[in-house]
Structures are given as structure tokens and as C-alpha cells.
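The dialogue below takes up the reading of a structural model, one feature at a time. Please keep the sequence and coordinates at hand.

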Amino acid sequence: VWVRRQLTAAEPPGDLHRRLLEVIESRLFAEVLAATDQNRTAAAKLLGVDRATLRSRLKSPMEDGDPRD
């Protein structure tokens, strides 16, 4: 539904792939952080990313809505 909503918007985005990945990534990071009691080192290890990468991605807020809607 999220994709359909994006495609039927008055001005469909030209970066739909990037936006979807950002939404999914933010949810994945939140779930993994919750599972590791907010331990960023453990979360980064589970995700297979560098801790600095995790930290930088957590700083960019996602406002694109829920792709599951």
C-alpha cells in the first residue's frame, strides 16, 4: 500500500527505491536496537555494519511513512 500511495501521489517521487530502503532500514535498526537493549556495538554486529555506519544512519530521521500501510 505504501508503494501504491507513493505512485499515485500528486507528484510521484523520483527516488522511490531510496525512500523505501530508508523506511525499512530505520525499522530494522529500531528492532535490532530493542533486541540488544540499545547496545549499538551489539546491534551493529548483528546487522553486519560498522558501528559508525549505524550511528550515522540513526541520525537521519525518516518521515516517509510506513511501507506496510
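Q: What average pLDDT does the protein chain have?
A: The model is predicted, and confidence is therefore read before geometry, since local features here need pLDDT of at least 70. The protein chain averages a pLDDT of 85, and 86% of the residues score at least 70.

Q: In which helix is confidence lowest, and in which is it highest?
A: The lowest mean, 87, belongs to helix α1 (residues 2-7), whereas α3 has the highest, at 96.

Q: Is Asp37 buried or exposed?
A: The cut-off for exposed is over 50% relative accessible area. Asp37 is exposed because its relative accessible area is 68%. Gln38 also counts as exposed, at 53% relative accessibility.

Q: Is Thr36 buried or exposed?
A: Buried means under 20% relative accessible area. With a value of 13%, Thr36 is therefore buried, although Thr36 is found in the loop between α2 (16-35) and α3. Leaving aside neighbours within four places in sequence, Thr36 is in contact with Ala42, Ala43 and Leu46.

Q: Which residue caps the N-terminal end of helix α3?
A: A cap of this kind is read from the distance between a side-chain oxygen and a backbone nitrogen. Asn39 caps α3 (residues 40-47), with a side-chain oxygen 3.0 Å from the backbone nitrogen of Thr41. After the helix comes Gly48, whose phi is positive, near 75°.

Q: Which residues make up the largest nonpolar core?
A: The core has six residues: Phe29, Val32, Leu33, Ala43, Ala44 and Leu54. At least two residues of this core come from each of α2 and α3, and α2 supplies the largest share, three residues.

Q: What does Ala43 touch?
A: Not counting residues up to four places away in sequence, Ala43 touches Val32, Leu33, Thr36 and Leu54. Among them, Val32, Leu33 and Leu54 belong to the core, while Thr36 is the buried loop residue discussed above.

Note on methods
Residues numbered from 1 in each chain as written. Predicted model: local features only at pLDDT ≥ 70, side-chain atom pairs only at ≥ 80, totals over all residues. Heavy atoms only, no water. Polar contact = N/O pair within 3.5 Å; in protein donor to acceptor, adjacent residues only side chain to side chain. Helix = DSSP H or I, 4+ residues; strand = E, 2+ residues; numbered from the N terminus. Buried < 20%, exposed > 50% of the residue type's maximum accessible area, 1.4 Å probe, protein only. Contact = heavy atoms within 4.5 Å. pLDDT = per-residue confidence, 0-100. Core = buried A, V, L, I, M, F, W, Y, C linked by side-chain atoms within 4.5 Å.
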